[in-house]
Amino acid sequence: ETVVSRLELQIHLREALAGGDFYLEYQPVVDLGSSQVTSVEALVRWDHEGRTVPPEEFIGAAEESGLIVPLGEWILREACQKVAVWRISDWDIGLSVNLSAKQVLSSRFVSTVAGVLAETGLPAEVLTLEVDEELLLDDGAEAVASLSELRALGVQLAIDDYGMGYASLAHLRELSVDAIKIDPSFIDDLGRDDTVTLLTHTIIQLGRDLGVQVVAEGIERPEQLEQLRAMGCDHGQGFLVARPMSADGVEALVGGEVGVAL
């Protein structure tokens, strides 16, 4: 029953991609010092028979079936087109897009990214591509080679969910990453667990010493925000800052002054 259910889900995903049933939401990333929205992270959603299906319910099946490659390409193109339009309106905004292991290791991925940038007119340096730490552990050499090619295009690289113990410091140096995103589990225990609080401060200091941007994910409580500010964290995102929203919602949030009250 489990196998059949998984196969049915994969069939539905293919139909959804062909039928245009996926859509994007964007979660703002904010400069914690100035409270200004500096970029957005593109997040995929699935409208299935009137129900919004969250990524955790279908990304695994998309990975297994290989559908994540064309789906990831659609996400990248859709998000780049939207942010390119915003930038034409004199809004200085960046874009972050998550990558799966299969995308990074796909032989045509680098050319796909180059093609999307050329097609949408989005400057390469505006785009940040995020990879999970574990990719560098499981497929280290191959992943580093592919990510280095992406880096050569001029795009920014970020390590997502940093702090879970997978990525070595050598990878930060070898890839010359531009940002590290602290895993939400660290932020959740901030101020509640002395060890986690110390480790969070250490990661932030590491980022500052390396000259890379540090983004705290999962900020949900005011005391978390205050501690991160005191630690010198650059940027943050989470429900306290702003929930994922439609493109129209982002435009309404930005309005005339681009700031959020924090």
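Which residue forms a salt bridge with R108? Here are my notes, starting with that one.

1. R108 pairs with E73, with 3.1 Å between the closest N and O atoms. A salt bridge here is a side-chain nitrogen of Lys or Arg within 4 Å of a carboxyl oxygen of Asp or Glu. R108 lies in the loop between α4 (101-105) and α5 (109-120) and E73 in helix α3 (residues 68-88), so the contact ties together parts 35 residues apart in sequence. Helices (H or I, at least four residues) and strands (E, at least two) are DSSP runs, numbered from the N terminus.

2. Before going on, keep in mind that this is a predicted model: local features need pLDDT of at least 70, side-chain atom pairs count only at pLDDT 80 or more, and totals for chains, interfaces and linings use all residues. Residues are numbered from 1 along each chain as its sequence is written, and side-chain values use heavy atoms, with hydrogens and water left out.

3. Back to R108 and E73: E73 is buried at 19% relative accessible area, while R108 is partly exposed at 40%. The cut-offs are under 20% relative accessible area for buried, over 50% for exposed and partly exposed in between (1.4 Å probe, protein chains only).

4. The structure has 14 salt bridges in total. Among them is E25 with R45, whose closest N and O atoms are 3.1 Å apart. E25 sits in strand β1 (residues 22-31) and R45 in strand β2 (residues 37-48), so this pair joins parts that are 20 residues apart in sequence. R45 is buried, at 13% relative accessibility.

5. R221 and D188 also form a salt bridge, at 3.8 Å between the closest N and O atoms. R221 is buried at 16%, whereas D188 is partly exposed at 36%. There's a network too: salt bridges link E41, E130, K181 and E217.

6. On to the rings, where the count is 5 aromatic pairs. Rings of Phe, Tyr and Trp (its six-membered ring) pair if their centres lie within 6.5 Å; planes under 30 degrees apart are stacked, over 60 edge-to-face and the rest tilted. F22 and F58 have centres 5.7 Å apart and planes at 50°, so they are tilted. W46 and F58, at 5.8 Å and 80°, are edge-to-face. Ring pairs join F22, W46 and F58 into a cluster. W46 is buried at 2%, and F58 is buried at 0%.

7. Last one: R243 has its charged end over the ring of F239, 4.0 Å from the ring centre. That label needs NZ of Lys or CZ of Arg within 6 Å of the ring centre and within 35 degrees of the ring normal.
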